[in-house]
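Open the model in your viewer and keep the selection tool at hand. The tour goes from one selection to the next.

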Amino acid sequence: MIWGLVVLSIWGVVFGDTLVTLGKLWYLDRMVWLYGEMKDVNSEYRSWLY
């Protein structure tokens with residue numbers, strides 16, 4: 001994304017932004033999966049539920 005901004009390439013910016021967004025979505029998916037596994041094991045995680 002930074003390369004695309006430096007050379008003023010719209011496709012470089014779009015590609016970089018897509019990679020960043022997909023990476024963040026993957027990270028959030030893994031954190032939700034981890035929480036789902038841990039809430040049954042750890043009482044502190046269970047207390048976060050409403």
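Which side chain meets arginine 30 in a salt bridge? Select arginine 30 and aspartate 29: their side chains form the salt bridge, at 2.6 Å from N to O. This is a predicted model, and the count of salt bridges in it comes to one. Side chains of opposite charge can pair when their charged atoms come close. Colour the two residues by accessibility next. Arginine 30 is partly exposed, with a relative accessible area of 31%, and aspartate 29 is partly exposed at 38%.

Now select helix α2, residues 10–38. Within α2, pick out the buried residues, Gly12, Val13 and Gly16. Then show α1 (2–6), which is included in what covers them.

Move on to the aromatic rings. The structure holds three aromatic pairs. Select tyrosine 35 and tryptophan 48: the ring centres lie 6.2 Å apart and the planes are at 5°, so this pair is stacked. Tyrosine 35 sits in helix α2 and tryptophan 48 in the segment after α3 (43–47), so the pair links distant parts of the chain, 13 residues apart. Tyrosine 35 counts as partly exposed, at 24% relative accessibility.

Conventions: Residues numbered from 1 in each chain as written. Predicted model: local features only at pLDDT ≥ 70, side-chain atom pairs only at ≥ 80, totals over all residues. Heavy atoms only, no water. Helix = DSSP H or I, 4+ residues; strand = E, 2+ residues; numbered from the N terminus. Expected span 1.5 Å × (residues − 1). Buried < 20%, exposed > 50% of the residue type's maximum accessible area, 1.4 Å probe, protein only. Contact = heavy atoms within 4.5 Å. Salt bridge = Lys/Arg side-chain N within 4 Å of Asp/Glu carboxyl O. Phe/Tyr/Trp six-rings, centres within 6.5 Å; stacked < 30°, edge-to-face > 60°.
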